Structures are given as C-alpha cells and as structure tokens.
Amino acid sequence: MTGPRKGVTMSPYGAHLVSQYLLRRNDILQMATQLECWIAVVGLLALIAWFLYVDNTFLQVTKYQIPLDALPKEFDGFRIALVSDLHGSIFGMNQSRLVSEISEFQPDMIAVAGDLFDERPFTRGPAESFVKNAKDIAPIFYVTGNHEVCSESLDLFISEMNDYGVIFLRNDAVDISRGSSRITLMGIDDPLIFDQHTNGQKEWCRQSLSDIASSIDEDVFTVLMSHRPDLIELYASSGVVDLVLSGHAHGGMIRVPGIGGLISAGQGFLPRYTEGIYRENNTTMVVSRGLGNSGRFQVRIFNRPEIVLITLTKQ
C-alpha cells in the first residue's frame, strides 16, 4: 500500500512569479476599466457636442397657411418669408442655405422682424450677406429689434441696407397692391429706443400705433411688423391690426417637450409667446423662433434655428 499523497509545494521563486502575474493582471483589468470609462465619457461628450451643433446650425423650415376673413380676395395665396434674430449666425457661404429656402418658396415679400445684427461688430457682416443675396428674391421690409436700437452702428447699417433696396418701417406704413386691392404694412421700432422701462415702452408702442393708424383707412387689411410678441394685447386693442409678424423670444432658448420655451427676454420664465400662431380678438400673430443667439446664453436646446414661410388665404 501507498501512504497518503503529500501536497505539492512551490518554490519561493515560483510563488514570486505567480504573485507578479496576478498583480499585473489586476493592473491590466483596472486600466481596461478606466479606458472603457474614458471612452464612454468621450463618446457622451461627442454626442452632446453633435446634438448642440445640430440644434444651433441645422435650419428648420416651418410653413403656415393662415386663413383670414378680412384678407382681400386678390391677396389669397400671398406669401411671406419671416426672418428674425439672425444675430450674426451663418447658414452656408453667403447665407446660401437660408437664401435657398426663401428662393424656393417664392415669397411676395420678405419680412425681417428685427435683430438681424446686434451690438457685436462681427454680426453686421452675416446680416449684410443675407440681405445682399436675398434682395432679388422679393422686396425686403425691415423693423428694428432691441439689440439693433442699442447698436452704435444702426444708422450706418440702415444707410447701407437702403442701398440694397431694403424698406425700413420705423413707425411708418406702406401699401402693397394686387390688382384693384391693397393691404397696409405697418412697422414700429423696438420700444427700447424710447424707454428702458416696461411701462414706458408699452405707452410708446400704443402711441406709435395710434399715430400710424390715424393715417390709414380703417377698413384696409393691415399687417404689423413688430419685434416684440409679448405686446400682442396692445396690438389687438389698437383695432386696426389684422396680422402681426414678430420674433424676439428666440423660442424660449431651451424648449422642453410638452412645456415649451423656458425663458425669454421680456417674458421671463415659461414665456407664453415663443413660436407659432396666436390669436387675440381679431388679431392673428405669427412668432418666429429666430435664427441666432444673443446675450449670455449662446446655446439653443431642442430649439433649432427657424425660418417661417407663411401663405395667407382668404377664409
């Protein structure tokens, strides 16, 4: 018979090798885990960067067909391209993407609802580039925004744009004719040009509208271009405005699905008028989310740059 088998012993050198192998294996596993974490972080950051790039540079075209009782029959199908709040943003060389969308729509007029440029000097170049390349598509009508009236170069900019045939409506009105019918297009400056305080701005807008209204026929269909959508009650109460074209709110900057925009100048948190169509009494208002960014928060989230293409129809 054989006796009980004795356990296998390992030499000190062999034990050292095993110990080193296990230590290195643990180091490799730890490095692999760290690498996986870094890859995940970099991947997440890349996805966020791509999302923000898309949300701030990919142009969204929104089309509205708006039925209006008071619209003259001969203006049925009248097309308006609404552009606002460019703030120096660039959409292709010479604003080609923006201009192409407008050209394809074949509008009867282009309405610039303010803040094509702002106080920052570099924003004037992209604004001029847009006007220069869009001016042959349709007549361009322009009202100032709050940033423009604060710019020291506003007068120079207006002079340059006049050379391109742009029509500035600064508390003024013009008639647009089709056949034997006509509509009136009114425009008011941003009220910041008059007063820093909200109450003073409202009173100034009310007086400006009253002054313009006194010079037009009450029974004429009237379109108002005004930068600020939050004054819709004032526009509606004037009794002469049928349609308002506006911008300013930047879509609420950050849009939450099911809630809407989070914050807007002049309206604060959870603003009411940030995009789309609104109605107050007999007045209809269209608000563009705009194209660019301004102020301290220079990012759009769930809020792509927007150009609004409107077709008016006789109801």
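**Exercise 1.** Determine how many bridges join β14 to strand β15 and which way the two strands run.

*Solution.* In this predicted model, five bridges join β14 to strand β15 (residues 283-287), and the two run antiparallel; strands are DSSP runs of E with at least two residues, helices are runs of H or I with at least four, and both are numbered from the N terminus. Two strands pair if DSSP finds at least two bridges between them. Within this pairing, Tyr 278 stands opposite Met 285 in β15.

Residues are numbered from 1 along each chain as its sequence is written. Local features need pLDDT of at least 70, side-chain atom pairs count only at pLDDT 80 or more, totals for chains, interfaces and linings use all residues, and side-chain values use heavy atoms, without hydrogens and water.

**Exercise 2.** Describe how helix α3 packs against helix α5.

*Solution.* Helix α3 (residues 124-134) and helix α5 (residues 154-163) pack at an angle of about 20 degrees with their axes 11 Å apart, where axes are lines fitted to C-alpha atoms, for helices over the stretch in contact, and angles run from 0 to 180 degrees between N-to-C directions. The two helices are therefore roughly parallel, a term for angles under 35 degrees.

Note on methods: Parallel < 35°, antiparallel > 145°, perpendicular 65-115°, else oblique.
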